[in-house]
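Here are some short notes for a first look. Please keep the sequence and the model side by side while reading.

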Amino acid sequence: MTVAVAPDALNAGDTAWLLVATALVLLMTPALAIFYGGMVRAKSVLNMLMMSFVAIAVVTVVWIAFGYSLAFGGDVGGGLLGDLGSVFMAGTKPTDLHGTVPELLFMAFQLTFAILTVALISGAIADRTRFKAWVLFCAVWVICVYVPLAHWVWGPDGWIAHRLGALDFAGGLVVEINCGAAGMAVALVLGPRIGFKRDPMRPHNLPLVVLGAGLLWFGWFGFNGGSALGANGLAAQALVNTQAAGCTALIGWLAVEKRRDGHATTLGAASGAVAGLVAITPACGVVDLPGAMAIGLVAGVLCSFAVGWKHRFGYDDSLDVVGVHYVGGVVGTLLIGLFAAKDVTGGPAGLLHGGGAELLGKQLVAIVVVSAFSFGVTYTIAKAIDRTIGFRAHADHEQRGLDLAVHAESAYDLTAFAGTKRTPGPTWRPSPKPAEDLDLD
């Protein structure tokens, strides 16, 4: 996602496309809520939806207030942070431009990225998080972690882009690696769910998972294509690369499942597609189609193995944020160093396109720095919240289900089927249990 120099006039086509792309990326957060909601147990699905939806509200307020200014304002810290010249977007007129589009629109487009990144973290700590602690975490984390990284990679004179020279077209570093490292940090602070590695914790509604994955895929065209900031050939390249990588990753994941487990699963198909979309995000505007297909395939294969690491190493990443988003983000960001094509980037080429190993080294440095910064600062934030107001839900709330315990609601009302007669159907029998005792897990 390059930051363009403001020209003399607004481009109507670029503005129209970015308006659509902004709406598509915003849709990705409700889509993520559905995706995550289907993957958790039935007793916590509403809590999962709420964690994404409240992130929309909290991050929007913080971003407009001063997040955007600190991320994309004029550099004041040697490529580390922006200034406060755009607090509450004061003085920004509808006619003010960022490149060929209104600055207000660019701000809104970037806002949707920040919202989604925060919401992604919730998957690592599903089923066991205090809601008020999550709300506080959203506000603090976006300022202390997301904003600096956005400035480093996409801001004017940000040090990763302009001094190190690493490439991240649409968010491999800022979104995917960032949320994965942060998810690991918060999961370690909270500890594993009650019954982790002992009780089955299968997705309660696979159709919801597939629906959420499909809507995420749809929104990803705005995520990656919109990062060209114009209705142009680069947007088209990003869009087709996104489609290609999602498909090869899906195939790669299912191939691993079939060989390893004997079955190609619906959850695997959805997860594989998301892994490919994650991996192509940093590379979609810098590689050609063969490169995009290779990146997707590698991500689908590696991520299908990575999701099992939590059982081997004992950390409870509930919905595989580390296994899919962190590992997929690393794959895509690192492989830019192999597959970057000068015909696409107009700049540095990867090793396989005659560019040597220099770009590969820069990508590796960026991955290590972003991972360490995100993990370290997030762990500190989460630990501080846990030591003050408490981050982990009460054990009885966790066992009962956060939907009823926290939100006083249930996603599935079975009272119509418990203890009452029903016609027709002579073989039907009333349930021996009241509705509240039915096991929805």
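1. Start with the core. This is a predicted model, and its largest nonpolar core has 124 residues. Phe35, Trp63, Tyr146 and Ile160 have the most contacts inside that core.

2. Take Trp63 as a way in. Leaving aside residues up to four places away in sequence, Trp63 touches Tyr68, Ala71, Phe72, Met107, Gln110, Leu111, Ala114, Tyr146 and Val147.

3. An unreviewed UniProt entry annotates residues 16-412 as "domain: Ammonium transporter AmtB-like". Over that range the chain is 69% helix and 1% strand. The end C-alpha atoms of the range are 40 Å apart.

4. How many cavities of 30 Å³ or more does a search of the whole structure find? The search finds one. About 40 Å³ of space lies in the largest cavity. Its lining consists of Met28, Leu32, Leu116, Leu120, Glu176, Leu216, Trp220 and His325. Two or more lining residues come from each of α1 (12-39), α3 (103-121) and α7 (206-225). By type, the lining has six nonpolar residues, one polar and one charged.

5. Two backbone points deserve a check. Asp127 is not a glycine, yet its phi is positive, about 80°. Asp127 sits in the loop between α3 and α4 (131-154). Asp127 is buried, with a relative accessible area of 3%.

6. Ala408 also has a positive phi, near 55°. Ala408 lies in the segment after α16 (402-407). Is Ala408 buried or exposed? Ala408 counts as exposed, at 65% relative accessibility.

Terms used. Residues are numbered from 1 along each chain as its sequence is written. This is a predicted model: local features need pLDDT of at least 70, side-chain atom pairs count only at pLDDT 80 or more; totals for chains, interfaces and linings use all residues. Side-chain values use heavy atoms; hydrogens and water are left out. UniProt positions are given in the numbering used here, feature names are shortened, and annotations may be inferred rather than shown by experiment. Helices (H or I, at least four residues) and strands (E, at least two) are DSSP runs, numbered from the N terminus. On a 1 Å grid over the protein atoms alone, a cavity is a set of points where a 1.4 Å probe fits but cannot get out, and a pocket is an open set with protein on both sides within 12 Å along at least five of seven lines; lining residues have an atom within 4 Å of a point. Grid points are joined across faces, edges and corners, and a volume is the space filled by probe spheres set on the points. Ala, Val, Leu, Ile, Met, Phe, Trp, Tyr, Cys and Pro count as nonpolar, Asp, Glu, Lys and Arg as charged, and the others, Gly among them, as polar. A nonpolar core is a set of buried Ala, Val, Leu, Ile, Met, Phe, Trp, Tyr and Cys residues joined through side-chain atoms within 4.5 Å. Buried means under 20% relative accessible area, exposed over 50%, partly exposed in between (1.4 Å probe, protein chains only). Contact means heavy atoms within 4.5 Å.
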